[in-house]
Amino acid sequence: PVPTIAGIVVPDSRLARDATEFVGDTSTQLLYDHSRRVYLWGALQGANRGLTFDAELLYVGAMFHDIGLIEGHRSDDERFEIDGANAARRFLEQHGLPEEKVMTVWEAIALHTTPEIPSYKQPEVALVRAGVDLDVLGRGFDDVPAKIRDEVVAAHPRTGFKAGIVDAFADGMRFKPDTTFGTMNTDVLEAKMPGYV
């Protein structure tokens, strides 16, 4: 049977299973559950908006979008979004995906904290951003029926998420604060790093 959560098909290809394993082995439980929710929220928003999208690319983009916060996948001088996009690029190239698909996932991850621009890009780029917006900021909350929201959160709980995601952002960026310019991440560092402006 095809795996589903809240009526959304979760990709079960070799690529998707490898992405799940990679992120599960590399990331924290909080970021793993967040990434899975980002896929589910993004797919739900895609259906709500009548968009045609590649679920496998959306899934990989969602799963890798915060990998750049994790030790071993973060650089000394790039934005965490670019670090995550580069990690996804390496992963997808090892799986033999063509450049066009690799770049779609790269852009989905690299732009996921950038306001407005993703909505003018490929559907997968827009939907990773939409999934992040819903899970972190609550944007689009009312677009998803309560029963569906409950099923998503039952599958991937938000245990300690509000404080935990802020800590994960701060821990992943505190050593390279200049890379947060122009995003909400400056607000995170101002709240978490004494003396940072």
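Throughout these close-ups, a contact means heavy atoms within 4.5 Å. The model is predicted, so local features need pLDDT of at least 70 and side-chain atom pairs count only at pLDDT 80 or more, while totals for chains, interfaces and linings use all residues. Numbering starts from 1 along each chain as its sequence is written, and side-chain values use heavy atoms, with hydrogens and water left out.

**View A. F64 and its partners in the main core.**
Not counting residues up to four places away in sequence, F64 touches A19, F22, V23, G84, A87, A88, F91 and I109. F64 also belongs to the largest nonpolar core, which has 44 residues. Such a core is a set of buried Ala, Val, Leu, Ile, Met, Phe, Trp, Tyr and Cys residues joined through side-chain atoms within 4.5 Å; buried is under 20% relative accessible area, exposed is over 50%, and partly exposed is in between (1.4 Å probe, protein chains only). Y39, V60, F64 and L92 are the ones touching the most other members. At least two core residues come from each of α1 (14-26), α2 (29-49), α3, α4, α5 (99-110), α6 (123-137) and α7 (146-155). Helices here are DSSP runs (H or I, at least four residues), as are strands (E, at least two), numbered from the N terminus. There's also a second, separate core of 14 residues, with L31, A168, F169 and L189 among them.

**View B. α3, wrapped up by other helices.**
How many residues of α3 are buried? The count is 8 of the 10, so α3 is largely enclosed by the rest of the structure. The buried ones are L57, L58, Y59, V60, G61, A62, M63 and F64. Their cover includes α1, α2, α4, α5 and α6.

G68 sits in the loop between α3 (55-64) and α4 (80-94). G68 counts as buried because its relative accessibility is 0%. Skipping neighbours within four places in sequence, G68 is in contact with H73, R74, F80, D83 and G84. The C-alpha atoms of G68 and E81 are 6.1 Å apart, though 13 residues separate the two along the chain.

**View D. S27, between α1 and α2.**
Here we look at S27, in the loop between α1 and α2. S27 has a relative accessible area of 15%, so it is buried. Beyond the neighbours within four places in sequence, S27 contacts Y32, I67 and I70.

**View E. Where α5 meets α6.**
The two axes come within 8 Å and cross at roughly 30°. That makes α5 roughly parallel to α6, since angles under 35 degrees count as roughly parallel, over 145 as roughly antiparallel, 65 to 115 as roughly perpendicular and the rest as oblique. Axes are lines fitted to C-alpha atoms, for helices over the stretch in contact, with angles from 0 to 180 degrees between N-to-C directions. On the α5 side, T104, E107 and A108 meet E124, V125 and V128 of α6.

**View F. Two positive phi values.**
Most residues other than glycine have a negative phi. A6 isn't a glycine, yet its phi is near 55°; A6 lies in the loop between β1 (4-5) and β2 (8-9). E116, also not a glycine, has a positive phi of about 70° and sits in the loop between α5 and α6. Which is buried and which exposed? A6 is buried at a relative accessible area of 13%, whereas E116 counts as exposed at 66%.
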